[in-house]
Amino acid sequence: MIQTADVVIVGAGIIGGSGGFHLLARDPGLRVVMLEKEALPGTGATSKATGGVRFQFSTEANVRLTQLSYRYFTHDREILGCSVDFIRHGYLFVTTSEDTLEQGRRSVGLQRGLGVASEVLTPAQIQTHLAPLVTDDLVGGTFCADDGSADPYSMLQGFLSVAKGRGLRLLTDHAVTGLVLNGERVTGVRTPQGDWSTPVVIDCAGPHADEIGAMAGLDIPSRPYRRQVMVTEPLPSLPAVFPLIVDLDTGFYVHRQGRSAVLMGGTDKDIKPGHDTTVDWEAFDAVFRAAARRVPPLAEAQVIRAYAGVRDLTPDYHGILGPAREAPGLYVACGFSGHGFMHAPAIGILMTEILLDGRAGSMDIDALSLDRFAAGRLRAEANMF
């Protein structure tokens, strides 16, 4: 028996959850079905997200995505009915390179022009944010006090709880094994439990989104890459709250997880694509070396555990949002290059506008269009780590 829906969302992670939440906020009469291949929602990429929220990007599209999303972190109980544990601790980018600092200045100029209170710092000013930080070789850095971090799981549960109250039908253990096609048009999805007929399929499958697109003969240039994180015991020599620090020269970053454990990672951006989440302990040596040079107390940190997740990267480190014109009926929301959690509220807002209004009205999404790759309209995000 073929079942019917107005919208089928593939994937019950943070982006799919936001999509369902916003669609049903606008039109509670929609029959929205969410299909998740795992036994529980949010157990894929969302479960490994470290929760960063920042304005410090180098492109207008990414800054505006944060601006559109930010109130969901600062007004979480009002919007979602729950806390997402948002902490404004700031992001601090540091560098020893004049060229990198110049790029930082350009990024800050863009951000400030859009109303973001970011700033360029001297080494002496950087030192005030964390006393143990080694600054004598730095040429400067950038900082935004409004950057912070939150809990991805809590936000996803908020989205899903509200959406289910509005009629969302969430089906776990329902893997999408194929797309139903009528010519080039996508008219449904196939699962082991049966087919669904629908005029709208939204691909929110994260690191598996390119596989869903391939079912319609579509090349979605978003690929899965492993991202490793070490979790250490709290260090008494570090304050209870300090900025998320990114050494732009090495890609190393460090921040507290809430007010307890310390997370360290980075330096693994250039590994080969794939879904392997085996922890590579040898690769962590580079993280330890970077940590010891920049924040010496971290060299003595006791590692509690380490884990690896998978994020979906695109060639220009911008997400893909909107219709797949080569496969009408299929809409894409993927490839957000490690920023899917912080931008999930905006993604849900914009996808809802595309579907219900015919266009995104809250911001210009040309930089996120799937068409940009064929047209060569790529402008890479510089602030990646």
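Me: How many of the 18 residues of H11 are buried?
Reply: The model under discussion is predicted. Helix H11 spans residues 340-357. This helix is mostly covered, and the number of its 18 residues that are buried is 15.

Me: At which residue does helix H11 bend?
Reply: The helix is followed by Gly358, whose phi is positive, near 90 degrees. The bend itself lies within residues 340-357 and amounts to about 35 degrees. The residue at which H11 bends is Ala346.

Me: Why is helix H3 described as largely enclosed by the rest of the structure?
Reply: The buried residues of H3 are Ala61, Asn62, Val63, Leu65, Thr66, Leu68 and Ser69. They pack against helix H4 (71-74), helix H6 (98-113) and H11. Helix H3 (residues 60-69) is largely enclosed because its buried residues number seven of the 10.

Me: How do the axes of helix H1 and helix H8 cross, and at roughly what angle?
Reply: Two packed helices are described by the distance between their axes and the angle between them. For helix H1 (residues 14-26) and helix H8 (residues 152-165), the axes come within 8 Å. The crossing of H1 and H8 is left-handed. The angle at which their axes cross is roughly 35 degrees.

Me: How many charged residues are there in the contact of H1 with H8?
Reply: From H1, the residues involved include Ile14, Phe21 and Leu24, and those they meet in H8 include Met155, Leu156 and Phe159. By class, the contact of H1 with H8 has 10 nonpolar and four polar residues. The number of charged residues in this contact is none: there are no charged residues.

Me: Which residue in the hairpin of S11 and S12 takes a positive phi?
Reply: S11 and S12 pair in the antiparallel sense over five bridges, and the bridge partner of Leu181 in S12 is Val186. Two residues lie between the strands of this hairpin. The residue that takes a positive phi, near 70 degrees, is Gly183.

Me: Is Gly178 buried or exposed?
Reply: Gly178 lies in strand S11 and touches Val189, Arg190 and Met215, leaving aside residues up to four places away in sequence. Its relative accessible area is 9%, and a residue under 20% counts as buried. Gly178 is therefore buried.

Me: Which residues of S21 point the other way from Leu330, Val332 and Cys334?
Reply: In a regular strand the side chains alternate between the two faces of the sheet. Strand S21 (residues 330-334) is mostly covered, with five of its five residues buried. Leu330, Val332 and Cys334 point one way from S21, and the residues that point the other way are Tyr331 and Ala333.

Me: In which sense do strand S20 and S21 pair?
Reply: Strand S14 (residues 201-203) runs parallel to S21 and is joined to it by three bridges. S20 and S21 form a hairpin with six residues between them, and Gly322 has Val332 as its bridge partner in S21. Over four bridges, strand S20 (residues 320-323) and S21 pair in the sense called antiparallel.

Me: Is Tyr317 buried or exposed?
Reply: Most residues other than glycine have a negative phi. Tyr317 has a positive phi of about 60 degrees although it is not a glycine, and its place is in the loop between strand S19 (303-313) and S20. Because its relative accessible area is 18%, Tyr317 is buried.

Me: What is the relative accessible area of Asp85?
Reply: Asp85 is found in the loop between helix H5 (76-80) and strand S5 (87-88). Its phi is positive, near 55 degrees, in a residue other than glycine. Asp85 is partly exposed, and its relative accessible area is 48%.

Terms used. Residues are numbered from 1 along each chain as its sequence is written. This is a predicted model: local features need pLDDT of at least 70, side-chain atom pairs count only at pLDDT 80 or more; totals for chains, interfaces and linings use all residues. Side-chain values use heavy atoms; hydrogens and water are left out. The bend at a residue is the angle between axes fitted to the seven residues ending there and the seven starting there. Buried means under 20% relative accessible area, exposed over 50%, partly exposed in between (1.4 Å probe, protein chains only). Contact means heavy atoms within 4.5 Å. Axes are lines fitted to C-alpha atoms, for helices over the stretch in contact, and angles run from 0 to 180 degrees between N-to-C directions. A crossing is left-handed if the near helix is turned anticlockwise from the far one by less than a right angle, and right-handed if clockwise. Ala, Val, Leu, Ile, Met, Phe, Trp, Tyr, Cys and Pro count as nonpolar, Asp, Glu, Lys and Arg as charged, and the others, Gly among them, as polar. Two strands pair if DSSP finds at least two bridges between them.
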